Amino acid sequence: MLKLLFADSTGRVYEHPQLLALVRGGVPLEEPAPLPAHATLAALPGRRPVGFDPATGRTIELSEVRIGRRTVRPSAVAAVLPPGWTRSELLAFRRLPIAPVLPQWAYTAAAWDDRRGCHVAWALHTDRRRHWDPATHSTPDLPGRIEQRLAADDNPLLHQLAKCALTYRCFTAQNTFYERDEGAIPASSGCNARCVGCISDQPEQGPPASHERMRHAPDAAAMAAIGIAHLSRAPGRTMVSFGQGCEGEPLTRAREIAEAIRRMRAATARGSINVNTNGSLPDQLGLLIDAGLDSCRISLNSAHKPLYEAYYQPLGYVWEDVEESIRRARRRGVYTALNLLTFPGVTDQEGEADALCALIARARVDQVQARSLAIDPDAYATVAERFAARGRRIGISGLIERLKRARKGLVIGNFARALNERRPLA
């Protein structure tokens, strides 16, 4: 039996003795998994839990519950997943009129499993590689590493990365100081999109941004110095990436980034140089490829033009420019991944799946990185209700199977692949 979870005013989580867990839309299509290590449970203010009463066959909104001598007005409870996991169901709740907009996390349906005796979450383990394990990040020695690096190097961009590593707990920024795997190079303070779920820039009435966007864009010398140090020293999956959570769109600074790449490649041939981008400016992406870029990850929530443009709200570009960037990168031999921002009930609609599969096949994409869209569920549902491609829901696991069939050898995961992990596809 999967019992409904709820939280009291202090955030303490309980399972309901009778009511069963429901997901948004009613009955789940997917099976839950035991709550992963490093996942957390979060109370959602202003949202009442909704469960199923097996005794009456009714759906119940839990407005109050007795706990001992107390009467509690409960809040709904969601799971927040660690890296490597992709949400497959959203939780059911009723939003109260006074409810605040939720901070931008990927809220996942969760329950208490009586049979297994543990909390569970509706999630898929989509990337089992261990180098993004939270246990190996935010370690006690990290502040000392950062202090030592800053004392030895006056590069102003390192101070931005130190803030990202310690305040925002960005693993890619932390890797710069651990000197391993994929390191971060923030590049841009401005953006040419107004994403509904932007994590670094929100209007006054929006949710609190989870990152403060950096105010001053670095020059090519500062970016190149970070990249040269990382590519020269980091063992294993050595990579540097432009385009981080603390910045805007890197393609708006393509000339400076291209110069930084040329300087990096003049100093070392080691490792991979990647850009995380919205793919809005194909010609500017071409400049980076000319300079030595070998990998790109292009973010999208949908391959259906109306939903893509309703969410990204592009300034000076359209969906067709994004597709051209995907196709151009792949034609020129750049390892091309889609950063697919998934949302159960929308991304796994048949119409949305059809559009994604068609894009992957015709653009010959190398990888899909499945990411759970971090946003207040009601905020995205409002957009999707008007603009999604629609169709029967096939589930996130069904979507993944469809994507694999769309292109033989397509890699599905959550993390970028280093040079020695890439398999050439036809």
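Reader: Start with Tyr380. Is it buried or exposed?
Author: Tyr380 is buried, at 0% relative accessible area. Buried is under 20%, exposed over 50%, partly exposed in between (1.4 Å probe, protein chains only).

Reader: What kind of model is this?
Author: It is a predicted model: local features need pLDDT of at least 70, side-chain atom pairs count only at pLDDT 80 or more, and totals for chains, interfaces and linings use all residues. Numbering runs from 1 along each chain as its sequence is written, and side-chain values use heavy atoms, without hydrogens or water.

Reader: OK. How many aromatic pairs are there?
Author: Seven. Rings of Phe, Tyr and Trp (its six-membered ring) pair if their centres lie within 6.5 Å; planes under 30 degrees apart are stacked, over 60 edge-to-face, the rest tilted.

Reader: How do Trp132 and Phe415 pair up?
Author: They are tilted, 5.9 Å centre to centre, with 40° between the planes. Trp132 sits in the loop between β14 (123-125) and α1 (142-152), while Phe415 is in the segment after β21, so this pair ties together parts 283 residues apart in sequence. Helices (H or I, at least four residues) and strands (E, at least two) are DSSP runs, numbered from the N terminus.

Reader: Are those two buried or exposed?
Author: Trp132 and Phe415 are both buried.

Reader: And what is the geometry of Tyr311 and Tyr380?
Author: Their ring planes meet at 75° with centres 5.7 Å apart, so they pair edge-to-face. Tyr311 comes from helix α7 (residues 305-312) and Tyr380 from helix α10 (residues 377-387), so the link spans distant parts of the chain, 69 residues apart. Tyr311 is buried too, at 2% relative accessible area.

Reader: Which residues form the aromatic cluster?
Author: Tyr308, Tyr311, Tyr312, Trp319, Phe343 and Tyr380 make up one cluster.

Reader: Switching topic. How many cavities of 30 Å³ or more turn up?
Author: Five. A cavity is a set of points, on a 1 Å grid over the protein atoms alone, where a 1.4 Å probe fits but cannot get out; lining residues have an atom within 4 Å of a point.

Reader: What volume does the largest cavity have?
Author: About 70 Å³. Volume here is the space filled by probe spheres set on the points, with points joined across faces, edges and corners.

Reader: What lines the largest cavity?
Author: Leu4, Leu5, Ala21, Leu22, Pro49, Val50, Ala76, Val77, Leu91, Ala92 and Ala110. The elements giving two or more residues to that lining are β1 (2-7), β5 (47-53) and β9 (75-80).

Reader: And the second largest cavity: how much space, and which residues?
Author: The second largest cavity holds about 60 Å³. Its lining is His131, Trp132, Asp181, Glu182, Arg237, Met239, Ala416, Arg417, Ala418 and Glu421.

Reader: Where is Arg422?
Author: In the segment after β21 (411-413). Arg422 is buried, at 16% relative accessible area.

Reader: What does Arg422 contact?
Author: Beyond neighbours within four places in sequence, Arg422 is in contact with Met239, Ser272, Asp294, Ser295, Tyr335 and Arg417. Contact means heavy atoms within 4.5 Å.

Reader: Now Gln160. Where is it, and what does it touch?
Author: Gln160 is in helix α2 (residues 156-166). Not counting residues up to four places away in sequence, Gln160 touches Pro186, Met214 and Cys246. Gln160 counts as buried, at 15% relative accessibility.

Reader: Which strand holds Ala370?
Author: Strand β20 (residues 367-372). Ala370 is buried, with 5% relative accessibility.

Reader: How far is Ala370 from Leu340, C-alpha to C-alpha?
Author: 5.1 Å, though the two are 30 residues apart along the chain. Leaving aside neighbours within four places in sequence, Ala370 is in contact with Thr86, Leu340, Gly413 and Asn414.

Reader: Last one, helix α6 (residues 282-291). Which residues are buried there?
Author: Pro282, Leu285, Gly286, Leu288, Ile289 and Ala291.

Reader: What do the buried residues of α6 pack against?
Author: They pack against α5 (254-267), β17 (272-277) and α8 (319-331).

Reader: And what follows α6?
Author: Gly292, with a positive phi near 130°.

Notes. On a 1 Å grid over the protein atoms alone, a cavity is a set of points where a 1.4 Å probe fits but cannot get out, and a pocket is an open set with protein on both sides within 12 Å along at least five of seven lines; lining residues have an atom within 4 Å of a point.
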